[in-house]
Amino acid sequence: MSSVAAPTQELATNPLREGLDQERVPDASCLVIFGASGDLTQRKLIPALYSLAHDGLLPTGQTIIGFARPDYTDDAFRMAMRESCEKYARTRPVDNAVWENFAQSLFYVQGDFTDGQAYVRLNQRLRECDRTRGTGGRRIYYLAVPPQHFPTISKLLGAEGMVNDPESGGPFTRVIIEKPFGHDLQSAKELNRVAVTTFRERQVFRIDHYLGKETVQNLLVLRFSNGIFEPFWNRQYIDHIQFTVAESIGVEKRGSYFETAGITRDIIQNHLLQLVSLVAMEPPVAFEADPVRDEKVKVLRGLREFPRGREPENAVRGQYSDGSVLGEKAAAYRKEENVNPESKTETYAAMKIFVDNWRWADVPFYIRAGKRLPKRVTDIAIHFRPAPYPMWRRLPSVNVQPNVLAIRIQPDEGISLKFDSKVPGPSVRTAPVQMEFRYATSFGGEPPEAYERLLLETMLGDSTLFARRDEVETAWAWLDPLLNAWAADSRPPDFYPAGTWGPESADRLIEKDGRKWRRP
Amino acid sequence: MTITNPAFESDVRVDVSAIEKSLAEIWRSNKDDGEHALTRAALWNVVAHTSSREQQAHASETLSKASAAVPQRSIIIRSDPAGRPEIASWISANCHLVSGGKQVCSEEISIVAGGDRIHRIPPLVNALLIPDMPVAFWWLGDLPNEHEAYVESLLDPADRLIVDSVHFDSPADLDLLSRVAETTTTAPGDLNWMRLGEWRAVTAMIFDPPHMRSRLSAIRRVRVISATATDSFFGEMIEALLYASWISAQVGHQVDAGGNARGLAGTIDYAFERRRQSSEVGGVVFAEISFEDGSVASIARDRERGVLTANVDGMVTPPCVARAKSQRIDELIVRQLSRTDRDVVFVKALAIASRLAKRVAAG
């Protein structure tokens, strides 16, 4: 017997992981959730972490510490979190054996975000976990709190020595922050400035949960893993693109937040512009954090500025009035809880925008987002130019329609291509038909929740699916002039009855170009 | 939910165009039928080779269930070389309700051949495959290693060969599977390997912490215990063999033709033991990995809790726990079909298992 394999003393990865469902496993860390008694923790974060544990994707020793004001014991916190998992986890009912093991990783520290002593207690608990659970000083801080608490938390974490500088080469510290990333460019810059006083940019993970959706990630696979699409993905073949983010619900209990935000800040500045970036970006040199985000930022930088003094020229804002959605009566926005009865906040916005670059010159992107629309749907429709020569023009029975590639982000995720086909029979008659791909049909099962993927990526330290500072600031810089113009306008938004596809002015916006909104 | 509509079933002569016509008729007759839209889907062609009515019924039921997760055109062959010279075929559809109330249906074509007519099977199967979709060939029962040419002719269009090595009666079967991997473009797959998934996962967990990875080179002994119903049937030990071979392959141990293994610091002892029990026959029930410092990692199934756990002497971190997965055949098939690439780790383990098998067979 001759040679044997190389020594394993310095293995960077675990060779036994090769070929398993999870080839990359993060090192166990302590994940501290600030705002552990809040809605996000109960509905999304803990159920997502439990589902990861259920699927065997959490590292052994991974530890989760809830930090909030209510006075819970570890056991009371575990019990409350089990109830959340029973209600919201993807993998239900909760598996007793998995839960038993997962619950041992859950701890709770009571404290106020502004109380330095609470951070001392938290730090003691963290060190204890390092000793008993092998977390090795690795930390992830999830700020599931409103952004105004971010400066205080980050300052006190720094003051207590709970943030390790990655330049020092020690165990990692990462921080996850939730949208909104500011209210405008100035506040976004301020938030980012505060962040980098305690953390380096590469330690900051800004969550936009849209990026964790399978279908959003599939946009990149569709474009860059298939040879047939990319040659047509440009101004030569594409007439225009429509983006729709529709919600059937109103503002529910978020009236006071929504009054200060509006749909443009809540959806368009983040989720919708992320979709625009992914559809319009150039192929990145690698599927890695900075190459992907560099290309997305280039798209945002290419967004044509709103014409000065005429900012709302290609934009429409609306607000829902009384109506009905899905057969139920729906009250006007102005009658919602914590909403000003004379509110001018937009619950609907539509825009015609352009990406001024070589690929997309003069191709309109029509984007719209709204609440209390007929149904919940997020959809991207790529409308191709018609065939160059109408050879059937003398046949009245032939009504050639442009091809549409529709990408359904949610629900009923999938992709369809509409094209014309000859109707069987002796004469030449055509009808549009659809080729459909549906995730549920082809792959079955429930895809992982966006938060599962994003939490795992944070543990792995991969920020590809997170927004970078310049993305956030570039998006605000583009949108600010329109928001300022709307704020300065004393007229109310255009009203639309709840349960319709938005105000008539939105139809006029697209119809004046000889096009119409697709019914998603 | 599985809906098999017996009304779809119809005898047809074994004529490809007639089969295709009958398939088209199924979809046409159901297009406007009922309140649910009917969608036809297929990601794979799955050809099941059986040699008895029981196996045929088992294959049909299994693939029907599997098609809910992996839509497929199933072709189920019953081949009986000693039977009457006949060949017949019939078709049916397997339908499942998915979210949104849609019915997704996949076709099932059955072919029964006896006597010298079995030689018509390979070209018939070839003609019935959906173009451009990968082909998996599921061989039920023991591989007929004495009829290698027959197997090879059937495997010609196959991208994947799926076997269940728990039925193998001699090391020659493993050798044949290994040769398929080495000499053809057909990727081998083994349901026994799928059963090992959770054992591999929990074993890998032991070595996830950076300080544990260095211990891989300090492995001195791997002891695996199998549940067996007999004292000698070879197939009952294969899961254990594959487990040990996997560790050996991934850590970089050298195993010679006689099944002797060496690592960096010397001989590695691979020990295989039988434990008589009536349940989970053929499955690994316990594994132990010993290191040069005398410490031991042990992995066991906790049947009551439905998990596998691993402990290492002297480790302060919590035990590694992995949820035990379903071992139903249809779910193992789904796991096999869920990966479209060649399983290179299995191929590496298979090559070593062939060598270690000599020791088990001899012992």
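**Close-up views of a two-chain predicted model**

**View 1. A salt bridge links A:Glu100 and B:Arg305.** Their side chains meet at 3.5 Å, N to O. A salt bridge here is a side-chain nitrogen of Lys or Arg within 4 Å of a carboxyl oxygen of Asp or Glu. Side chains of opposite charge can pair when their charged atoms come close. The model is predicted: local features need pLDDT of at least 70, side-chain atom pairs count only at pLDDT 80 or more, and totals for chains, interfaces and linings use all residues. Residues are numbered from 1 along each chain as its sequence is written, chains are lettered from A and ligands numbered from 1 in the order in which they are written, and side-chain values use heavy atoms, with hydrogens and water left out.

**View 2. A second salt bridge joins A:Asp21 and B:Lys325.** The distance is 3.4 Å, N to O. A:Asp21 sits in the segment before strand 1 (30–34) of chain A, and B:Lys325 sits in the loop between strand 18 and helix 10 (329–338) of chain B, so the pair joins two chains. Helices (H or I, at least four residues) and strands (E, at least two) are DSSP runs, numbered from the N terminus. Over all chains, the structure holds 64 salt bridges.

**View 3. Chain B meets chain A.** Here 47 residues of chain B are in contact with 42 residues of chain A; contact means heavy atoms within 4.5 Å. The two chains bury about 3600 Å² between them, 57% of it on carbon and sulfur atoms. Buried area is the accessible area (1.4 Å probe) that two parts lose on being put together, summed over both. The rule finds 5 salt bridges across this interface. Several elements of chain B each supply at least two residues of the side that touches chain A, including strand 7 (102–114), helix 7 (197–206) and helix 11 (344–362). Helix 7 of chain B gives the largest share, 6 residues. That side of chain B divides into 24 nonpolar, 12 polar and 11 charged residues. Ala, Val, Leu, Ile, Met, Phe, Trp, Tyr, Cys and Pro count as nonpolar, Asp, Glu, Lys and Arg as charged, and the others, Gly among them, as polar.

**View 4. The second largest pocket holds about 700 Å³ of space.** On a 1 Å grid over the protein atoms alone, a pocket is an open set of points with protein on both sides within 12 Å along at least five of seven lines, a cavity is a set where a 1.4 Å probe fits but cannot get out, and lining residues have an atom within 4 Å of a point. Grid points are joined across faces, edges and corners, and a volume is the space filled by probe spheres set on the points. The pocket is lined by 27 residues; A:His383, A:Val404, A:Lys418, A:Arg518 and A:Arg519 lie nearest its centre. Its lining has 8 nonpolar, 6 polar and 13 charged residues.

**View 5. The largest cavity holds about 110 Å³ of space.** Among its lining residues are A:Phe181, A:Asp208, A:Gln269 and A:Glu471. Helix 8 of chain A gives the most to this lining, with 5 residues.

View 6. A:Pro180 is in the loop between strand 5 (173–178) and helix 6 (185–198) of chain A.
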